[in-house]
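Here is a short tour for your next look at the model on screen. Keep the viewer open and follow along, topic by topic.

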There are 2 protein chains.
Amino acid sequence: MISIKEHMHTMGRQAREASRTLLKTSSQQKNDALLAMADGLEDSRLALKAANEIDLEAGKAKSLPAPLLDRLTLSDKTIDTMSAGLRQIAELPDPVGSLTASTIRPNGMRVGQMRVPIGVIGIIYESRPNVTIDAAALCLKSGNASILRGGSEALNSNLALSLIVRRGLQKAGLPSHTVQIVETADRDAVGELITMTEHIDVIIPRGGKSLISRLAEQARVPMIKHLDGNCHVYVDQHADLIQAGDIAFNAKTYRYGVCGSMETLLVHEAVAVALLPVLGKRFTDHGVTIRGCDRTRQLITQAEVATTEDWGTEYLGPILAVKVVDSLGAAISHIATYGSGHTDSIVTKNISAAEQFQREVDSSSVYVNLPTCFADGFEYGLGAEIGISTNRLHARGPVGLEGLTTLKWVLEGHGQLRL
Amino acid sequence: MISIKEHMHTMGRQAREASRTLLKTSSQQKNDALLAMADGLEDSRLALKAANEIDLEAGKAKSLPAPLLDRLTLSDKTIDTMSAGLRQIAELPDPVGSLTASTIRPNGMRVGQMRVPIGVIGIIYESRPNVTIDAAALCLKSGNASILRGGSEALNSNLALSLIVRRGLQKAGLPSHTVQIVETADRDAVGELITMTEHIDVIIPRGGKSLISRLAEQARVPMIKHLDGNCHVYVDQHADLIQAGDIAFNAKTYRYGVCGSMETLLVHEAVAVALLPVLGKRFTDHGVTIRGCDRTRQLITQAEVATTEDWGTEYLGPILAVKVVDSLGAAISHIATYGSGHTDSIVTKNISAAEQFQREVDSSSVYVNLPTCFADGFEYGLGAEIGISTNRLHARGPVGLEGLTTLKWVLEGHGQLRL
């Protein structure tokens, strides 16, 4: 029997080979494959649901928590969503091959950059079979070969999906190793995936923070990772307070569990008296617990005491930290100290305050007069999203197809020589 | 006495703090600092040369090889070059704060991206004091704080230079920790630098491949690294053979030791007979040893036998591997198998051959009708170069000021909410 290490390295070599063929592939071929996969999903509902049922039964026997079972389920609706997603991705413009503006050097040679696939992408995710299709499609459209490693509880569902993916690739004349699914539940497979720097160019983990931190600890392959989303809304002294209240309320209550959810509200002292009592009541009426600084607690009587720990916490739930600050500078400094560099917003009517906030807040997304819950690739118009990156290099914030590509230099001349 | 670990972490924290102040800094202030440093260099020739003399004496006592002593020397000419470099960098446009084209979403919010500094950059280099000034200047201009770790043989020279840097920063009102020089020769300092992910955002090593590979093995901080430059020129069947000969000759002989130097020449079989005998003689007359495949050796009688190892070797010297190939596809495939993804060029008059080569060769720079020795940030018009990256992510190929920055999303609205 071959070892996990050998097995994963074989997958890696096959992926690299497929990625080379993808460089010769037309957009039409890639789109044909995506559409064939969409047809395949719709035509194979029964088989998919049967495979999924095996996973669900095993999951129930293992007493998986209800939300986990829910995410594991392939319903008709999930299948429709997946096939619609594939058709949407087929319609997006192909990022590969586009050229940046180029310049002519004094010696007459032309210098530009071409957008190209990254190469081979490893995706590590939990037991959500819909991610299999989503990740496969985004990697394919951006010209990358992919190796997908989903949660072991979804293995049968993923194997059934991988059949459909493979048939779609075949129909379009693409190499079958363009998308490979790790078919073993052995955890060592992940260890190999994140360290095979010769075969894998980037790892994108999708899942909880603890999984991602653990992978990042051990990885040798570069990772596009999403860690904390400790997001702030700062209400400036020059804010429209009606707008500020609505933005803050939306930022917190759109969905508590999304990474763009506001976790701390910062309010300039000049508007705290006018804003906080009313807004505090609106939050607590909605079931949101407020934890405030001393000045906040004078204005929102039902507020609990906020400790230093609260400023650094991503609650992902109906709790909100509130702090009154002396100035815009104090707000920016608070965000620099406690924020996670994800998404932060200022509410203000004042141009210089907006500019200063945009320039000095060092987060992957910085907003003016918008709730932080807009942190999402679709909302940004990317047409797709493989995740949100909290990295500083390569891709920051929502990552769409372009984030799955890179640039190479292309130079054209007519025999110029270097002297 | 504090430990190296504590010492490095303190430097890291100070750098992070300085990087926050840099976000508020104008281009004018940064340029003022650069010009003050240039003045400082010119005014401190004697002190610099005295400090350098200590390093040179110690180096001679340790019998350092002559080329190393040469690179260690701060002559009047080196000092002039450094100060001219500073003035040049001051004149380059500031990449920070520029906005990409933005779009308006259906709900009216504006989505764009702003170019921002990476944050804190660690530079690790050998005993070349001029790199101290060069790296400090490029990091400063791009708005980054930097921690510089030069070779221990140059410590006294670097300390003298760091005084000038610090005075320049002071004169412009910038924090003195904007540029910090590691003042200990202890090798553990490097170990800390490449693993302090909380303080350092990227490491740029400058030096030989073995140093860089070793650092990459141990690093936890992302690295912009330069490994092999196994570069190819492919002469297509549709090449102008006069041009092809000149390009190949220039690509090899411009300078043997640069990373863009051609290491393997690939020639289409249809033009091998017309090209190789003459070109082979030109190379051997110039002192270049040819190692060829069987078909090459029939055309260049003085050629030695090339082994598989030759195809993968970066000679960095007067040796050239030559192979006759059946087709453009075979050339691309050879480059994919043996190349290092650095810089590769096709010589052809045929548009589709040029396009296919440009698209399918997966290297950081792909040329048409140009010698590979153009691989250089100044030649590309970047105005400056911190190095050449063989990474696939973030920065590929020559890295100028833009490669030392990243993009953040900036969104502007007027109270739009997410439903």
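Strand E3 (residues 120–125) of chain B pairs with E6(B) in the parallel sense, over 5 bridges. Please keep in mind that this is a predicted model.

- E3 and E6 belong to an open sheet of 4 strands in chain B, with the order E5-E4-E3-E6 and parallel pairing.
- Strand E5 (179–181) and strand E6 (202–206) of chain B are at the edges with a single partner strand each, so one side of each has no neighbour in the sheet.
- On average, and with direction ignored, neighbouring strands of this sheet are turned by 20° against each other.
- To find the pairing by residue, look at B:Tyr125, whose bridge partner in E6(B) is B:Arg206.

**How the two chains relate**

**The annotated domain**
- An unreviewed UniProt entry carries the annotation "domain: Aldehyde dehydrogenase" for residues 6–283 and 312–375 of chain A.
- Residues 6–283 of chain A are 53% helix and 15% strand, and the end C-alpha atoms lie 56 Å apart.
- For residues 312–375 of chain A, the figures are 33% helix and 25% strand, with the end C-alpha atoms 19 Å apart.

**Salt bridges**
- Over all chains, the count comes to 46 salt bridges.
- A:Arg206 forms one with A:Asp134, with the closest N and O atoms 3.5 Å apart.
- A:Arg206 lies in strand E6 and A:Asp134 in helix H6 (residues 129–141) of chain A, so this pair ties together parts 72 residues apart in sequence.
- B:Asp310 and B:Arg291 meet in a salt bridge at 2.8 Å, N to O.
- That pair links helix H13 (residues 308–311) and strand E9 (residues 289–292) of chain B, with B:Asp310 and B:Arg291 19 residues apart.
- B:Asp310 is buried at a relative accessible area of 5%, whereas B:Arg291 is partly exposed at 22%.
- A network of salt bridges links A:Arg16, A:Asp201, B:Asp362, B:Arg392 and B:Arg396.

Note on methods:
Residues are numbered from 1 along each chain as its sequence is written. Chains are lettered from A and ligands numbered from 1 in the order in which they are written. This is a predicted model: local features need pLDDT of at least 70, side-chain atom pairs count only at pLDDT 80 or more; totals for chains, interfaces and linings use all residues. Side-chain values use heavy atoms; hydrogens and water are left out. Two strands pair if DSSP finds at least two bridges between them. Helices (H or I, at least four residues) and strands (E, at least two) are DSSP runs, numbered from the N terminus. Axes are lines fitted to C-alpha atoms, for helices over the stretch in contact, and angles run from 0 to 180 degrees between N-to-C directions. UniProt positions are given in the numbering used here, feature names are shortened, and annotations may be inferred rather than shown by experiment. A salt bridge is a side-chain nitrogen of Lys or Arg within 4 Å of a carboxyl oxygen of Asp or Glu. Buried means under 20% relative accessible area, exposed over 50%, partly exposed in between (1.4 Å probe, protein chains only).
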